[in-house]
Amino acid sequence: MLSRAARPAVRAAVAAPRAVAAGPNAIATYATLREIEDRLKSIKNIEKITNTMKIVASTKLTRAQRAMNASRTFGETSNKVYESAETKPVEAEQKKRLIIVCSSDKGLCGGIHSSMSRKLRKMAADGEVFDLVIIGEKCKAQLSRTNSKAIQLSFSGIGKDVPTFADAQAIADQIVLLPEQYTETQILFNKFVNATSYEPTFVEAFSEEAILQSPNISSFEVEEESIGNLREYALANSLFWALAEGHACEQSARRNAMDNASKNAGEMINKYQILFNRTRQAVITGELVEIITGATASEDM
């Protein structure tokens, strides 16, 4: 039996857990254990989803890297031809520049798309004038807010799976049909550096006039009537390379993003689990003290 002198201490112990739970310095201000438990379950579900997406991205990354290594043969071969022919952009008083942006329709992969958009916005802010052909909805949505007048053509539905040469050829066919004659054409894509890093890179895609003016183009014995076909084929090769590199970068970035999200979810689960345990212990302690106090008070009556 508790003495009358001990009763004030017991009452203070009953009030203490409630004061801590409602105090401004508490980890969270949830009123009941049910709310904490529901939040904990939702975070665990998020962790399961991000872990699954990480595994899927890791599997797709292996396929994407194989396709990327195969596509480099196409793009690098075209570049070697231009290097041997000493091809350069056409010099003109009024240059018309076209930039083909290779992105995708999907997100949840960090800032891989926004890095290219920032690069183009910076170029526009520096006074550079260019038109845009955008592959993928992500960069289109980002650049439509600032460079909508420059967008001449856009494509969607590319990048759902590993890009193929047929996809690149279909895009090249539409670009060649643009009514504007450009003196300089460049492809902007994310170049795969390693599994954790990438960098926005430009690759040249020369016009027919630039190929005809190449000092050493005659060494390849290409007929002048076939220059248009050569230019379109080389553009498709470079696009295939850019799309495959960008796809590999996207899968790598998505895997890293989902890995970081899973780690953050795990840290939140630990914090909320500790909060749940402390709150439950405080409730149990408070109920025990109330039972003891009630029993003591009934005996004293």
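1. Let's start with burial. In this predicted model, 39% of the chain's 301 residues are buried (under 20% relative accessible area with a 1.4 Å probe, protein chains only; exposed is over 50%, and partly exposed lies in between).

2. A word on ground rules. Local features need pLDDT of at least 70 and side-chain atom pairs pLDDT 80 or more, while totals for chains, interfaces and linings use all residues. Residues are numbered from 1 along each chain as its sequence is written, and side-chain values use heavy atoms, without hydrogens or water.

3. Now the layout. You'll find 7 helices and 5 strands, in the order α-α-β-α-β-α-β-α-β-β-α-α from the N terminus. Both kinds are DSSP runs numbered from the N terminus: helices are H or I with at least four residues, strands are E with at least two.

4. On contacts (heavy atoms within 4.5 Å): among those with a separation of 6 or more, 77% join residues 24 or more positions apart.

5. Look for a nonpolar patch made of I284, L288 and I291, with about 290 Å² of accessible area together. Patch members have over 30% relative accessible area and no salt bridge, and nonpolar side chains are joined within 5 Å; a salt bridge puts a Lys or Arg side-chain nitrogen within 4 Å of an Asp or Glu carboxyl oxygen. I284 sits in helix α7 (residues 227-300) and is partly exposed, because its relative accessible area is 39%.

How values were computed. Patch = residues over 30% accessible without salt bridge, like charges linked within 9 Å, V, L, I, M, F, W, Y side chains within 5 Å. Areas by Shrake-Rupley, 256 points an atom, 1.4 Å probe, with all protein chains shown as cover.
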